[in-house]
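Here are a few notes to read alongside the model. Have the sequence open while you go through them.

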Amino acid sequence: MIKGVSRCLAAGTTAVCVTALLGSGLCRAEGPPHLTDADVRIALQLEDEPSPILPTHPVTPKQVAQVPAEDVPAYKTWWFWALTAGVVAGAVTWGVVASRPTAQPPAPCSPGVVACFGDGRSQ
Amino acid sequence: MTGLRSSIAILLAVAVLAGCEEPVTYGYFRVTATIDPASVDEDLLKKINGCGIVVEGARNDRANIACTRGSVRYNLGKFEYSVTEPQGSLNFKVLLADINGNEIARGESGPVSIVPKVTTAVTVVVRAVPGFDAGADDR
């Protein structure tokens, strides 16, 4: 029995191990687990069948792209923030320009002066 | 996304700062220009055909006073100047020239400090330029 188990461990896979044990006749002869032929066939079948989860062929990026995208919230899109930035910038600019007082003119020139010039004045 | 949010923040900051711009204030000068009779005699006075004002210092500017030959008096009058510079000083010069553009007389105020929202009175006394030949251009 021990010799058969050692051979199993050395062989690696479950299928090879079960086959080896059955072939040697030791599995039926003594001790648990008592595997029937049906159990062994099921085990072998599971080993050979492709996984229902993993793809059987490599997935390419193109195939990934074809997967329909989930619904992304608007606030997570670039165009939403671009639009928001434009609206905010426009509103702020308009508000600043509209609320800014016009350039304050200088005091009027006194009557009788021979010249009156400088900033805010035309000679 | 983060870049866009940062851009919006910068835009808002710039707009707010632009709105906080200080209002314009003016400093005023009222300059009285006279000709020194002890320096400029009647003959020389009659030769004056051009009067100019030059401003130097924190601001450089110039203007003309209407001076026609034979009508210039010792009291040239008053002129006013405005400036938006909040500080510094200005020097006012008055230059008188004959019909050929030769400088006959000049005077300057010396440095006068700019005081925002205040009118500063300045006096300029014009004196003959040494070496000018009053009889050289007697047309």
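This is a predicted model: local features need pLDDT of at least 70, side-chain atom pairs count only at pLDDT 80 or more; totals for chains, interfaces and linings use all residues.

1. First, a term: a strand here is a DSSP run of E with at least two residues, numbered from the N terminus.

2. Is B:Gly50 buried or exposed? The cut-off for buried is 20 or more other C-beta atoms within 10 Å. B:Gly50 has 21 C-beta neighbours inside 10 Å, so it counts as buried.

3. What does B:Gly50 touch, leaving aside neighbours within four places in sequence? Its contacts are B:Cys67, B:Ala97 and B:Gly101. Take B:Gly101: it sits 51 residues from B:Gly50 along the chain, yet their C-alpha atoms are separated by 7.5 Å.

4. B:Gly101 also belongs to the hairpin of strands 5 and 6 of chain B, where five residues lie between the strands, and it takes a positive phi near 90°. Those two strands pair antiparallel over eight bridges, with B:Glu108 as the bridge partner of B:Lys93.

5. On to strand 2 of chain B (residues 50-57), which pairs with strand 5 (residues 89-97) of chain B in the antiparallel sense, over eight bridges. One pair to look up is B:Val55 with B:Phe92.

6. Among the bridge partners are A:Ala115 and B:Phe79.

7. In a regular strand, side chains alternate between the two faces of the sheet. In strand 1 of chain A (residues 115-118), A:Ala115 and A:Phe117 point one way and A:Cys116 and A:Gly118 the other, and all are buried.

Notes: Residues are numbered from 1 along each chain as its sequence is written. Chains are lettered from A and ligands numbered from 1 in the order in which they are written. A residue is buried if 20 or more other C-beta atoms lie within 10 Å of its own, exposed if 12 or fewer, and partly exposed in between; C-beta atoms are placed from the backbone. Helices (H or I, at least four residues) and strands (E, at least two) are DSSP runs, numbered from the N terminus. Two strands pair if DSSP finds at least two bridges between them. Two residues are in contact if their C-beta atoms, placed from the backbone, lie within 7 Å.
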